[in-house]
Amino acid sequence: MRDNKEDCPHCNANLQGESILKSQQEAYGSTHFSRKIGVYDFFKDRTVKWTCPDCQGEWDR
Ligand SMILES: [Zn+2]
């Protein structure tokens, strides 16, 4: 299980969100939700970038 340390590379905001209920952590494969926003590329059919909800900065996955 990854430790979910997530910071925005632009403004250093902590992007770790609410903690996930212990009974659901295994389903999510994670202990906390994330505040970062996935940018989905329909041509590549996958999430290619993340956007910071605080500064709107983007970075590659
Ligand atoms: Zn940011």
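First, the ground rules. The model is predicted: local features need pLDDT of at least 70, side-chain atom pairs count only at pLDDT 80 or more, and totals for chains, interfaces and linings use all residues. Residue numbers start from 1 along each chain, as its sequence is written.

Now the layout. The protein has one helix and five strands. Both are DSSP runs, numbered from the N terminus: helices are H or I with at least four residues, strands are E with at least two. Along the sequence the pattern reads β-α-β-β-β-β. Taken along the principal axes, the C-alpha atoms fill a box of roughly 35 × 30 × 15 Å.

How much of the protein is buried? Of its 61 residues, 5% are. Buried means 20 or more other C-beta atoms within 10 Å of the residue's own; exposed means 12 or fewer; partly exposed is in between; C-beta atoms are placed from the backbone.

On to contacts, meaning C-beta atoms, placed from the backbone, within 7 Å. Take those between residues at least 6 apart in sequence: 31% join residues at least 24 apart.

Next, the strands. Pairing requires at least two DSSP bridges between two strands. S3, residues 37–41, runs antiparallel to S4, residues 46–51, with five bridges joining them. Four residues separate S3 and S4 in a hairpin, and aspartate 45 in that turn has a positive phi of about 60°.

S4 also pairs with S5, residues 58–60, again antiparallel, over three bridges. That is a hairpin too, with six residues between the strands; glutamine 56 in the turn has a positive phi of about 65°.

Which residue in S4 partners valine 39? Lysine 49. Lysine 49 in turn has a bridge partner in S5, aspartate 60. A general point on strands: in a regular one, side chains alternate between the two faces of the sheet.

Last, serine 30. Its place is the loop between helix H1 (25–28) and strand S2 (32–34). Serine 30 counts as partly exposed because 17 other C-beta atoms lie within 10 Å. Serine 19 is eleven residues away from serine 30 in sequence, and 9.0 Å away in space, C-alpha to C-alpha.

Notes
Two residues are in contact if their C-beta atoms, placed from the backbone, lie within 7 Å.
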